[in-house]
Amino acid sequence: MSRAPSQWFAGLDKNFINKAADDNAGRPGALLAILQAVQNRNPQKYLPREAIAAVAERTGVPLSQVYGVATFYALFNLHPQGRNTICVCRGTACHTRGSKDLLDKLRLHLGLVGGEDDEDEAIATTTPDGAITLRTVACFGQCALAPVVEVNHAIFGHMNERTLERELATLERPAASRREPTP
Amino acid sequence: MSQKISVRIDGQLCTAEAGQTIYQVAQAAGRHIPALCHMEGLSSAGSCRLCLVQVEGLGRLLPACTTPARDGMAVTTQSETLAHNRRMALELLFSERNHICAVCVSNGHCELQALACELGVTSVRFPYNYPRLPVDASHPRFVLDHNRCVLCTRCVRVCDEIEGAHVWDIAGRGIASMLVCELDRPWGEAESCTGCGKCVQVCPTGALVEKGRAVEEMTKRRGPVLHLAERKEARP
Amino acid sequence: MSATTSPGTPPRVRLATMWLDGCSGCHMSLLDIDEALVAVAPRIEMVYGPLVDAQEFPENVDVTLIEGAVSNHDDLEHVRTARARSRLLVALGDCAVTSNVPSMRNRWPVKNLLETIYVAGTDTGRLVPTEGVPPLLKKSVPLHDIVKIDLHVPGCPPAAPVILFTLTALLDGHMPDFTDPCVVSKVRFG
Ligand code: SF4
Ligand code: SF4
Ligand code: FES
Ligand code: FES
C-alpha cells in the first residue's frame, strides 16, 4: 500500500472530516456514518490512509479499530475506484451459468491479470488508467437472470460474452488505454 | 447487592449472581468447559466456539463465555454432541492456517495443541488451506507469525483493556481476516505500542512470541496480566 | 523373529511398517519402546518395512504403520498398495497425520520450488533432477487424503509410550483411546 499522501487528501479541508466526526459524535454506528461521509466526499470514492488516521484522531477511536471497520465492510474502499464499476455475480446460480468464465474474460479484456499468485476472487481491482473497477458480489438476488453482471449500477441478466462486450464498448474510456494487456 | 439466580449445571443446582456468564457459573461450580478465546480477566469475544454448551429447551448450542446465565436455566457442559462440535471447531482452526507444531517455538506450551489432546482430536478431516501468510519480525523484541494466529483477539483485548494502548485489531472479514497493527503497519513502527509484551504473554499459540526462542522454548507468563486484571476489577 | 507359533498360543499379528515422506523419527521412536520390544516381539511377525529385509509389500497384512506424508508419485502408489493389502492402516506420526513439515512447501507451486532450490540456489548443476526421482505431487498431503486410515497416532514423533500403548491396544484387539489418563499427558497433536 502506498504511503505517499494521496492528492485528494492533500487538498482536502480537514475541517470536513472534523465536522463529519463531530456531527455524528455519540450516535450509534457513528464511525460508519463518518467513514461513509468522508468516502463520498472523495471523487475517487475511497478512504486514503490519511483520512482514516484523521477520523481516528478526531473521534479518539484507536487507529487499528477504525482500520478494522473500514476493511470489514465491502462498502468501503481503500484504493481509488474507477470511473465505471462492473460487478460480476459469483453466487451459486450465476456460477453454474458460467459467471467464472465471464469474469476471466473480463479480466483478460481489461488487462487485470496479475502474476500466478494473484488471488482469483479479489473483491475489487481497478484498471491502471482508473477507467474501470471490476468487482465481484456473492449474489444480487436476481438468480433467475443468471448470470448477472451489474454495470454502473444497472443490472444486466443472461449475460454472455457478446452482450458484455457490447456494454463495455459503451463505457467511456480514453483511446490510449485500449491497448492489449502486456503479457 | 446483586440479584441471586439459580442455574442447573449438569444437574447440579448452583447459585449465581445475575449477569454472570454460563462459563463463570460453571467454573465456580467446578465444571470444566474447554475454552480458547476466553481468558480470565479480559472481556469475552466468543470467537472460537470451543466453549459451546447445551441449554435445555434451546435447539442450538450457545457459547458459555458470552451467554449470561438466567434464573432457572439448565445447562449441559459435556455430551457427545458437544464433544463432536468442539472437535470440529478445533479441526477447522487447524485447517485454516499453517500450524506446523514440530517447528514452532510454542510446541508443547500451546493452548490450541493442548485442547486437541484434551478433546481427543487425532486428525483433521477438513482439507488444509495452506495460505501464504506473512511474519512480522520488525519489532525489536517480539515476532508476530500470522501462520499460527487463530484470531482469538486475546491480544487485541489485553492491549486495549489492560494496557490501554489498543495497538491491535482485526481487519477484513471471514477467511481473509487478519490481525493488524494500527493502520496495517509493521509492529516495529507502531506509535502506540509501549512494548509491554502483554499481548505476547496472553496469546494462546505461537503467533505472538519473544524473539530468540528456539523450538519448544516459548513459555508464557499469564500471572502478571491476571494480577493486573484483578487490581483493575478491585478499583472503585 | 521367527514366524512359527507353538500350539496353543494365538497366531502372531502380521505387522508391516512403511516409510514415506518423513525423517525416520517415528521408526526410531518405535524402537525406543526399548525392553517392551521383548514383550511385544513374540506377539508379532514383522513382514515388511525398513526394519526388515522384505522386498515387496506382502498380502494379508494385519496392521501397517505408516510414517510420513504422501509427497510424490511413489508414495501414492505405496500407500495404495498398503491399503489394499492391510486390514488396519495406521498413520504414525504428524507427517502421516497432518503432513507436518513436508507440507511447508505447499504454499509454493512445485515448479518455483524446484527451480529455487536446484537452479537459483546452487552454483553447480543448475538442473532440476528428473531421473531416478519420482515426480512431486502438487501438494504434500496427509495419508487420509489418499486412502482410508483406521487410526491416527499423532506426535512428532509420537512418544515411545504412546506407540507402546497403541501396539498393546491393537494386539489386544481394540483401538487405543488417547484421552485415557495414562497416556493423555504424553500425546501431542501437531
Ligand atoms: S507490547 Fe503491549 S502495548 Fe505493544 S501491542 Fe503488545 S500489549 Fe499492546
Ligand atoms: S496473535 Fe495470538 S492472541 Fe492475537 S489473535 Fe492471534 S492467536 Fe489470538
Ligand atoms: S447467484 Fe447471481 S444473482 Fe443470485
Ligand atoms: S471460549 Fe467461548 S467462544 Fe471461545
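**Figure 1. Confidence of chain A in the predicted model.** The mean pLDDT (the predictor's confidence in each residue, from 0 to 100) of chain A is 85, and 81% of its residues reach 70 or more. Over residues 175-183 of chain A, pLDDT stays under 50. For this segment the model has 5 contacts (heavy atoms within 4.5 Å) beyond four places in sequence. Where pLDDT is low, the predicted coordinates should not be read in detail. In this predicted model, local features need pLDDT of at least 70, side-chain atom pairs count only at pLDDT 80 or more, and totals for chains, interfaces and linings use all residues. Residues are numbered from 1 along each chain as its sequence is written, chains are lettered from A and ligands numbered from 1 in the order in which they are written, and side-chain values use heavy atoms, leaving out hydrogens and water.

**Figure 2. Surroundings of ligand 2.** Ligand 2 is surrounded by 13 residues, each with a heavy atom within 4 Å of the ligand. The closest are Cys149(B), Cys152(B), Thr153(B), Cys155(B) and Cys203(B). The shell comprises 10 nonpolar, 2 polar and 1 charged residues (Ala, Val, Leu, Ile, Met, Phe, Trp, Tyr, Cys and Pro count as nonpolar, Asp, Glu, Lys and Arg as charged, and the others, Gly among them, as polar).

**Figure 3. Interface of chain A and chain B.** In chain A, 15 residues are in contact with 16 residues of chain B. The two chains bury about 1200 Å² between them, 57% of it on carbon and sulfur atoms (accessible area, 1.4 Å probe, lost on being put together, summed over both). Across the interface of chain A and chain B, 0 salt bridges are found (a side-chain nitrogen of Lys or Arg within 4 Å of a carboxyl oxygen of Asp or Glu).
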